[in-house]
Structures are given as structure tokens and as C-alpha cells.
Amino acid sequence: MIRCLFLMSLLVQAYLAKSGGDGGKGGGGQPAKPAAPPRKWPTLSGFPPLIVARGGFSGLFPESTALANNLALQLRYTDVALLCSLQLTKDSIGICLTDIRLDNSTNIAEIFPKDSKTYKINGHDVKGWFAKDFSSQVILNNVSMVQSILSRPSAFDNQLAIATVDEVKNSKPPLLWLNVQYDSFYSANKLSMSDYIEKTMGFQGISYISSPEIGFLKNMKKKAPKETNLIFTFLGQDEVEPTEKKKYGDILKDLNAIKDFASGIVVPKEFIWPVDANNYLEKHTTLVADAHKAGLEVYASGFANDAIISHNYSFDPTNEFLQFVNQPDTIVDGLLTDFSPIASNAIACFANNDTKREKQVDTLIITHNGASGIYPGCTDLAYEQAVNDGADIIDCSVQLSKDGVAFCSDSADLTGDTTAMPTFMSKSSLIPEVQKDKGVFSFDLTWAEIQSLKPQMFSPFGQRTGCYRNPAAKNKGKFMTLSDFLGFAKSKAVQGVLINIENAAYLASKKGLDIIETVNKALKNASLDKVQVMILSDDSSVLSKFKGDKDYKRLLHFKETISAVTKSAAGEIKKYADGIVVYRSSLIVVNDGSFTKAKTNVLKEMHAANISVYVSIMRNEFVAIPFDFYADPTMELATFVVELDVDGFITEFPATANRYLRSSCVDMNAEVAILPAQVGALLEEIPASTLTPERPPSPPLDVKDIVDPPLPPVTPVSAEGSKSPLGPPGAPAPAPSSGMAVAANFGVCVAAFMALGLLLSMEH
């Protein structure tokens with residue numbers, strides 16, 4: 001417990017230190033409540049929507065524990081209420097747990113394996129361990145909390161005690177919210193929730209009391225002081241309310257009747273913004289407007305950064321929060337969330353934020369296959385979306401068809417991003433120089449054959465986690481030739497283009513294709529006088545071919561994680577490149593448990609050598625984000641900007657980066673700022689016994705890892721497909737290109753394996 005309390009202090013102090021020690025507003029270590037709202041909000045109070053922290057910061061720590069509650073209160077820029085879901089022990093002591101079954105969020109089943117029971121609750125038989133069957137002393141002295149949701153860190157399991165209501169109240173939240181979910185059950189078992197609240201607590205410090213039971217709220221209406229708000233909680237539309245035996249969907253039709261015993265309602269977020277069977281938003285209901293007309297506040301529940309949300313939000317939890325605070329007809333009075341700091345940031349930083357304002361920092365937004373998180377990569381739709389979403393640089397990974405047509409596609413293997421596999425399965429082959437798996441390769445198909453295919457949305461985490469990207473656009477869009485891509489970039493007046501060149505040696509020696517000359521010719525013909533051209537390659541010899549083009553910026557791509565860089569290696573890179581592209585793990589080390597561990601020296605050494613550093617690949621899916629970033633892509637971006645000062649992001653979701661970089665909250669000296677994670681702070685306080693054994697670190701980058709062999713000459717291929725010999729019989733094939741000499745056999749697939757490794761490490 002001492003270590004955990006120290007962790008809380010460490011995190012809060014580090015967080016607040018970035019904003020001058022006062023949380024960015026007010027004094028006393030946390031933002032002060034403003035004397036008046038900065039603008040008149042269309043909530044009933046006129047203030048910004050209230051953030052209701054369900055169990056404190058329960059998205060990271062077990063609910064309602066000291067860590068969860070204190071961090072929820074400290075990491076905020078708007079008003080936050082702590083929500084405690086009240087359960088009663090055998091001796092009528094209040095504890096805070098959402099699920100009435102203690103075994104879902106504690107280790108009680110391990111401590112008392114024979115003490116489970118079955119009770120009838122709201123018409124259903126429920127088996128488990130229940131607070132009412134144990135005295136408070138037995139529970140508090142023997143039982144510890146565990147994380148109840150598998151996607152969340154288990155590292156704090158069995159370390160934190162169950163919180164009593166008194167302990168939550170003693171954390172001095174500005175607003176305390178008691179949720180009473182099971183009054184009927186406790187009353188039937190001779191325990192009184194109303195007596196506990198009235199006689200034991202005396203209503204002291206309670207700002208809100210919510211319940212899905214009308215009878216309980218009517219009883220409270222007679223006893224509660226006026227300053228205590230009574231809130232009616234709606235469960236599912238077809239579930240039956242215990243007192244009046246009506247379906248909640250039917251009760252919802254008479255909001256004026258609710259006003260007789262409550263001042264507001266809590267509803268699942270889908271009651272306001274329904275989703276269809278395919279998980280897309282439907283037209284919003286009139287619930288918020290109708291409730292406000294009846295004088296009822298509306299609180300939306302069910303927000304969690306690590307849940308599968310509507311495809312309309314592009315896996316970005318801030319987008320979802322803003323849907324409920326920016327849309328005029330659906331602005332709610334409060335949000336119930338497990339990730340209160342991110343909800344608070346959304347309101348303080350992005351509500352009605354103007355994304356057309358100038359970027360606040362020079363960090364570049366570079367796409368990865370266009371806006372490939374929204375549309376199939378490298379299609380006209382992905383590039384159009386990227387421009388609309390504020391990308392500075394759009395990218396084209398150049399591939400060549402058998403007949404020499406240059407076009408944009410993430411990989412020479414077309415099986416991942418097109419429908420090539422069912423159509424051209426007979427042409428699949430294994431080419432170790434390109435990748436270790438079989439594939440259908442662009443250079444084995446004519447352009448006409450490639451055009452007969454359809455694009456295909458790539459979801460890097462879909463199969464294992466259900467995080468599928470925009471299925472409605474699965475096969476939408478058109479392939480773009482390199483010349484069409486360059487013409488598009490010129491017409492849209494983008495800041496720049498990034499041209500990625502791979503497999504040049506293989507194409508020249510085995511296929512008779514000169515990708516260097518093809519790219520050069522296309523660039524010259526496009527006349528991109530006002531467009532910055534970046535040339536990216538994992539082959540130093542390819543970059544050497546562009547050394548004479550002073551208007552081009554050359555970037556060396558490292559496809560393996562780098563743990564460190566020597567000064568001599570940085571100096572060697574400078575001979576070939578103006579910048580490097582590295583994976584996130586080359587800048588911030590992440591352990592197998594998905595906690596950040598430390599910053600590497602890569603960025604420091606590169607900047608010292610005047611080499612720009614671009615981090616890749618930024619993705620919104622929570623399964624790709626270490627726990628330190630709170631399942632929030634914006635916080636991850638902030639960490640790379642503020643803590644590391646990267647020169648740019650390579651992202652599949654440019655809109656997320658654009659919104660952040662154009663917000664005033666990117667400025668650490670502003671009144672409100674998106675503060676970065678403190679790299680390694682969480683990991684330092686986790687007992688080593690709970691962590692999985694560490695894999696050895698990747699080797700440091702050295703000079704020998706940088707220089708690739710010269711490119712071979714282009715060897716013509718006969719009409720029958722045979723090629724002229726490169727030299728005497730038995731002469732070795734050209735050495736494969738690589739950002740590190742041993743990387744050729746992995747090439748294109750390394751990014752996918754890294755993402756999969758991170759995903760697996762998050763499954764505890």
C-alpha cells in the first residue's frame with residue numbers, strides 16, 4: 001500500500017509539474033472551479049457537462065480504490081464527481097463496488113472458495129459472493145481488489161483494499177455521487193440502503209444519489225436535503241423496473257412523471273445516439289431536448305476508452321465524448337466514464353475547437369497510406385480524406401506492375417490490401433528477398449490485372465480483437481498511379497509528399513524494372529515546385545541516388561526496433577539521409593506488459609547530428625496504445641511531442657493528430673494543456689513479481705547496420721520471363737537492401753509482427 005500511495009503522489013506531482021505546479025488552473029494542486037462558465041452552455045446549469053468518474057479512474061486502477069479516486073480528482077480541468085456504487089456488508093457498512101457479485105472485482109473467491117451463494121435478483125438467479133454475507137472486518141482485512149476488465153492492467157491486482165464509502169468521502173471530492181443499484185435486494189435481506197444514507201451518513205457530502213428503482217428514489221425524495229440531487233438511472237429498454245414493474249423503455253415515454261421524484265436521468269449513451277447492427281451511428285433521438293424541456297438533467301453512461309465504439313468515431317474516445325458535448329441537440333449535462341481525465345481533456349481542450357486554426361507547433365502530420373484508418377490504404381478516398389483531415393504530407397509507397405506502371409500500395413505483396421489472393425492465387429509465390437511469406441506480388445501482374453482487383457481495408461488488430469476498421473468502406477476507392485498521386489497532391493496544394501521506395505535491388509536484378517528512374521521521371525514530370533518532396537527508403541543506396549536533388553529530403557527507414565544509437569552511427573546516417581523514420585518502440589521502450597519503460601537515446605543523438613526523427617506508426621486502436629497513455633491516442637501524441645519533441649508523426653488517423661496540434665492545449669504554458677505521460681513512472685511502482693520476464697533489448701544501431709551494397713544494374717527480362725545473367729554462372733545474387741543489414745528477409749512484414757507482439761503482450 002505504501003508503494004501504491006507513493007505512486008499516486010509521483011504521478012500527480014509529475015503531472016502537475018508540467019503546468020507550473022497548480023494543474024493549470026487555480027491553486028492547491030488541482031484546477032479550481034471557475035467562478036463562471038467561459039461561455040453559456042446549453043446544459044440546464046449553464047456550466048460545462050459534469051464528468052462523473054465511475055469508481056474514480058477505474059480505466060487504469062481497480063474501481064474506487066485510493067489510487068483510482070485520487071488520480072481522477074487530480075487529473076482534471078473541469079468539475080468531476082466521484083461515483084461510488086454502494087453495497088452493504090452484513091454489519092451495514094457501505095463499500096464501493098459496481099457489481100453486486102464481489103468475485104467479479106475482488107479475489108474473494110480465492111480467499112473463501114466455499115462461500116458462494118445463489119440469490120434471486122430482479123427475477124434472475126445470480127450466483128456469486130455477496131457483500132451482505134460477510135462482515136466488514138472480514139472483507140476489509142482479507143479481500144483485495146482486482147481489475148474486472150481483461151483489457152486493463154492486472155499489475156495492481158491483489159494490492160489495493162476495497163474502499164468504504166467513508167474512505168471515498170474522506171478523499172474530499174468536490175462532488176460525491178452514490179449509486180444505489182440494488183435497494184430491493186438488500187431490503188429483502190433486512191439491510192436498508194436508505195437508513196445507511198440517512199442515519200449513518202446523514203446525507204453529509206452527498207451531491208448526487210442515483211438508482212434504477214423508483215420506490216427507493218421516492219423514499220429518498222422525502223428525506224434528502226434540497227442540495228442532494230436525485231437521479232433516475234435507466235437500464236436496458238426491455239428490462240423491468242422493480243417497483244412499478246414497467247419496462248424502462250415505457251417509463252422513458254413519460255419524462256414529466258420522472259420529474260416528480262428525480263431532478264435528472266442517467267441513460268445509456270445509445271439512448272441518445274443509437275447505433276445500428278453494424279455499429280454505425282443512427283440519427284440522434286430527441287431525448288436530451290425532451291428531458292431538458294421537462295426540467296430534467298441528462299447524464300450519459302457507458303463511456304470507456306478501451307471499449308469497441310461506433311465506427312464513426314475512428315477508435316478515438318475524444319471523438320465520442322465530443323459527440324455528446326458539441327452537437328447542439330444532444331449536449332448532455334454529464335458523462336459517466338471510466339477514463340475521467342480524457343473526458344475532462346475533451347471538454348476543456350476540444351469542445352468547439354476550431355481545427356482550421358494554425359498549427360501550434362511545427363510537428364509534421366505524415367500519412368501512412370493516406371487516411372488508411374478510414375478508407376482502404378493508398379486509394380483516392382484515403383488520400384482525399386487525409387487532405388480533408390489536415391495532413392501536411394501525404395505518402396505513396398511505390399510499387400511496380402509487371403509492365404512497369406508505378407502505383408501506390410503499402411506492399412509489393414497485394415494480398416493484404418487488395419482482393420488479389422482469391423483472384424490470382426495461382427500466381428502466388430515465395431520470394432525470400434522481398435518477404436518470408438508467400439504472396440501475390442505486383443511485379444508479377446500487369447497493370448490491367450491489378451486494376452481488375454478491388455482495394456481491401458486492412459485492420460491490423462481486427463481478427464484477434466474485433467477492432468475492425470470501417471467495414472462499410474471495406475472495398476471502396478480506386479488505386480492511384482504514381483503520376484495520378486502527384487497530380488492530386490499538386491492540385492490540393494499539400495505541404496509535401498513522401499515517396500517510399502523498397503525492393504529496388506530485387507526489381508532491377510530479377511525483374512528488369514528500374515524503380516529509381518521511374519520515380520525520378522514521375523517527379524520531374526509533375527513539376528512540384530511548391531511541394532516538399534521526401535524520399536523514404538530502407539536502403540541507403542537508394543537514398544544515394546537522390547543525393548544530387550537538393551530540394552528533396554531523404555529519410556532512412558529503420559524497420560527493426562533500435563534500442564540505442566552511437567554517435568558514429570548517427571554521423572554515418574547523416575551521409576545518406578536528412579531524417580529517419582523509426583517505430584515508436586525505438587523512442588520509448590515498452591515492456592511485454594504494455595507499460596512504458598524508458599526513453600532511448602535515439603532522438604537525442606539524431607537531433608544532435610541535425611537529423612530529423614519521424615515516429616511510426618500512430619494508430620487509434622486502444623490495443624496498440626501502452627497503458628501509460630490511458631487508451632487515448634491524443635495523450636500518446638502529446639507524449640511524443642512534449643517529452644520527446646519528434647519532428648513528425650506517420651499516422652493512419654491524421655484527423656486525431658491535426659485536432660491536437662491545432663489546439664491551444666498543445667502549449668504547456670497555456671492555462672489548460674494535454675499533459676504527457678511520465679515514461680516509466682507506472683512501471684517503477686509495480687512489484688517485479690507481477691511482471692512477465694523481459695525479453696533482451698534490441699541491439700544498438702552501429703555503423704555496420706547502415707550502409708547497404710550498391711544497387712545492381714537493371715537486367716532486362718526476356719518476353720518469356722528469363723533474364724540476362726548478371727555475371728558468370730554461380731555468381732551470388734545482389735545483397736538485399738535493409739535499414740539494418742539483416743532485415744531483408746523480414747522487410748515488409750516487420751511492422752505487422754511488431755503490432756501483433758504488442759497486442760499479445762496486452763492480453764493478460
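Biologist: How many of the seven residues of strand 10 (residues 297-303) are buried?

Modeller: First, the ground rules: this is a predicted model, where local features need pLDDT of at least 70 and side-chain atom pairs count only at pLDDT 80 or more, while totals for chains, interfaces and linings use all residues. Residues are numbered from 1 along each chain as its sequence is written, and side-chain values use heavy atoms, leaving out hydrogens and water. Buried means under 20% relative accessible area, exposed over 50% and partly exposed in between, with a 1.4 Å probe and protein chains only; helices (H or I, at least four residues) and strands (E, at least two) are DSSP runs numbered from the N terminus. Strand 10 is largely enclosed by the rest of the structure, because its buried residues number six of the seven.

Biologist: Which residue of strand 10 stands opposite Ile265?

Modeller: Strand 9 (residues 264-268) and strand 10 pair in the parallel sense over five bridges; two strands pair if DSSP finds at least two bridges between them. Opposite Ile265 stands Val298.

Biologist: Which helix belongs to the β-α-β unit of strand 10 and strand 11?

Modeller: Strand 11 (residues 334-337) pairs with strand 10 in the parallel sense over three bridges, and Tyr299 stands opposite Gly334 there. This β-α-β unit is right-handed too, and its helix, residues 317-323, is helix 12.

Biologist: Moving on to helix 8 (residues 214-223), where do its buried residues lie around the axis?

Modeller: The buried residues are Ile214, Phe216, Leu217 and Met220. Taking directions from the helix axis to the C-beta atoms, they cover an arc of only 155 degrees, which puts them on the same side of helix 8. As background, an α-helix has 3.6 residues a turn, so residues three or four places apart point the same way. For helix 8, then, the answer is the same side.

Biologist: What covers the buried residues of helix 8?

Modeller: Contact here means heavy atoms within 4.5 Å. The cover includes two strands, strand 7 (206-211) and strand 8 (229-233). It also includes helix 6 (183-188), helix 7 (193-200) and helix 9 (248-251).

Biologist: How many disulfides are there?

Modeller: A disulfide is taken as a pair of cysteine sulfur atoms within 2.5 Å. With the bonded cysteines numbered in sequence order, the pairing is 1-2, 3-6, 4-5. The count comes to three.

Biologist: What is the hand of the link of Cys84 and Cys96?

Modeller: Their sulfur atoms are 2.0 Å apart. Cys84 sits in strand 2 (residues 80-88) and Cys96 in strand 3 (residues 94-96), 12 residues apart. The torsion about the S-S bond is -90 degrees, and the link is left-handed.

Biologist: How many residues apart are Cys349 and Cys665?

Modeller: This disulfide has an S to S distance of 2.1 Å, and it is left-handed because the torsion about the S-S bond is about -95 degrees. Cys349 is in helix 13 (residues 340-350) and Cys665 in the loop between helix 25 (654-661) and helix 26 (681-684), a separation of 316 residues.

Biologist: Which cysteine has the sulfur nearest to that of Cys378?

Modeller: Cys396 and Cys408 are joined by a disulfide, S to S 2.0 Å. Cys378 is in no disulfide, and the nearest cysteine sulfur, 5.7 Å away, is that of Cys408.

Biologist: Last topic, the aromatic rings: what kind of pair do Phe61 and Phe156 form?

Modeller: Rings of Phe, Tyr and Trp (its six-membered ring) pair if their centres lie within 6.5 Å, and planes under 30 degrees apart count as stacked, over 60 as edge-to-face and the rest as tilted. The whole structure holds 25 aromatic pairs. For Phe61 and Phe156, the centres are 4.9 Å apart and the planes at 65 degrees, so the pair is edge-to-face.

Biologist: Which residues do ring pairs link into a cluster with Tyr248?

Modeller: The links in this cluster are ring pairs, and Tyr248 is one of its members.

Technical notes:
A crossover is right-handed if, with the strands pointing away from the viewer, the path from the first strand over the helix to the second runs clockwise.
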